[in-house]
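Please look over the structure below.

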Amino acid sequence: MSPSSQRRLHVAIIMDGNGRWAEQRGLPRSAGHVAGAQAVKRVVRAALALPISDLTLFALSSENWRRPRAELDAILELLHRYLESQTASCVANGVRLCVIGRRDRLPCELLAAIEASERATASGGRLTLRLAIDYSSRDAIVRAARRFNVQAALGEPRDGFGQLIAHDDRMNGDVGDVDLLVRSGGEQRLSDFLLWECAWAEIVFTRRMWPEFGGAALKHALDVFHRRERRFGGIDAVDSAASGRSRRPA
């Protein structure tokens with residue numbers, strides 16, 4: 001199937017392995033995050049040439065606030081620099097950049113950079129790039145449940161629960177269902193990332209550390225995805241026919 005004939009996909013990536021990549025090379029963990037930022041640039045460029053409509057990257061978990069302050073400061077500074085340096089490129093390439101997650105705990109300078117990038121890239125139509133910063137999927141689900149209960153208590157027409165999660169501008173920014181979830185770094189868990197949206201996602205785990213990730217690795221993950229059969233809880237036509245035959249009387 002040619003790329004032009006394929007449905008455009010929502011790909012989400014847990015960018016894991018920056019710190020371990022650096023430690024394996026005798027470098028400070030912050031050096032791994034710098035290398036990881038370069039991997040983000042490579043993957044975004046590759047996504048523009050692939051049948052991908054949405055790319056959601058897990059940049060900072062709400063649990064990551066427990067990391068050493070120096071490492072956190074380095075990550076936040078890198079995020080700030082990425083937004084300032086890449087906004088013009090996003091505009092030129094039709095990339096709409098947005099951030100999901102909490103914003104009340106972010107530094108004022110980073111928050112201003114986020115808002116400026118979102119305004120500047122709002123009309124991008126080739127690719128939606130989401131950065132999950134201070135993000136917790138459990139938090140998003142709890143917030144939706146609270147709004148659902150408030151609507152019920154007030155006797156207001158209630159939105160579907162999934163809609164309340166998807167259209168929570170602060171936490172999710174209308175993310176929508178994920179088709180393919182990729183996690184680098186060798187770990188095999190979701191780590192509180194897009195739990196609702198990944199209900200039917202195909203998952204690809206790779207031992208490749210995030211700083212080593214690039215266009216070829218993204219293309220390989222898509223190839224794996226396209227070799228899989230997505231049934232969404234049902235059965236395929238061949239299995240259905242076989243099942244029907246087995247029920248026919250002799």
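## Basis of the model

The bend at a residue is the angle between axes fitted to the seven residues ending there and the seven starting there. Helices (H or I, at least four residues) and strands (E, at least two) are DSSP runs, numbered from the N terminus.

The model is predicted: local features need pLDDT of at least 70, side-chain atom pairs count only at pLDDT 80 or more, and totals for chains, interfaces and linings use all residues. Residues are numbered from 1 along each chain as its sequence is written, and side-chain values use heavy atoms, with hydrogens and water left out.

Helix H3 runs over residues 69-93, 25 residues in total. From first C-alpha to last it reaches 35 Å, close to the expected 36 Å. That expected span is 1.5 Å times one less than the number of residues.

H3 has a kink of about 45°, centred on Gln86. Just after the helix, Gly94 takes a positive phi of about 70°.

## Helix H3: buried residues

Gln86 is also among the buried residues of H3. Buried means under 20% relative accessible area, exposed over 50%, and partly exposed in between (1.4 Å probe, protein chains only). Others on the buried list include Glu71, Leu72, Ile75, His80, Tyr82 and Cys90.

## Salt bridges

Side chains of opposite charge can pair when their charged atoms come close. A salt bridge here is a side-chain nitrogen of Lys or Arg within 4 Å of a carboxyl oxygen of Asp or Glu. The whole structure has 18.

One of them lies within H3. Arg69 pairs with Asp73 at 2.9 Å, N to O. The two residues are 4 apart in the helix, about one turn. Arg69 is partly exposed at 49% relative accessibility, and Asp73 is partly exposed at 38%.

## Further pairs and a network

Arg66 and Glu63 form a salt bridge at 3.2 Å, N to O. Arg66 is exposed at 70% relative accessibility, whereas Glu63 is partly exposed at 45%.

Lys219 and Asp223 meet at 3.0 Å, N to O. Both lie in helix H7 (residues 215-227), 4 residues apart, so about one helical turn separates them. Lys219 is partly exposed at 39%, and Asp223 is partly exposed at 29%. Elsewhere, salt bridges that share partners link Glu23, Arg29, Arg67 and Glu71 in one network. Glu71 is one of the buried residues of H3.
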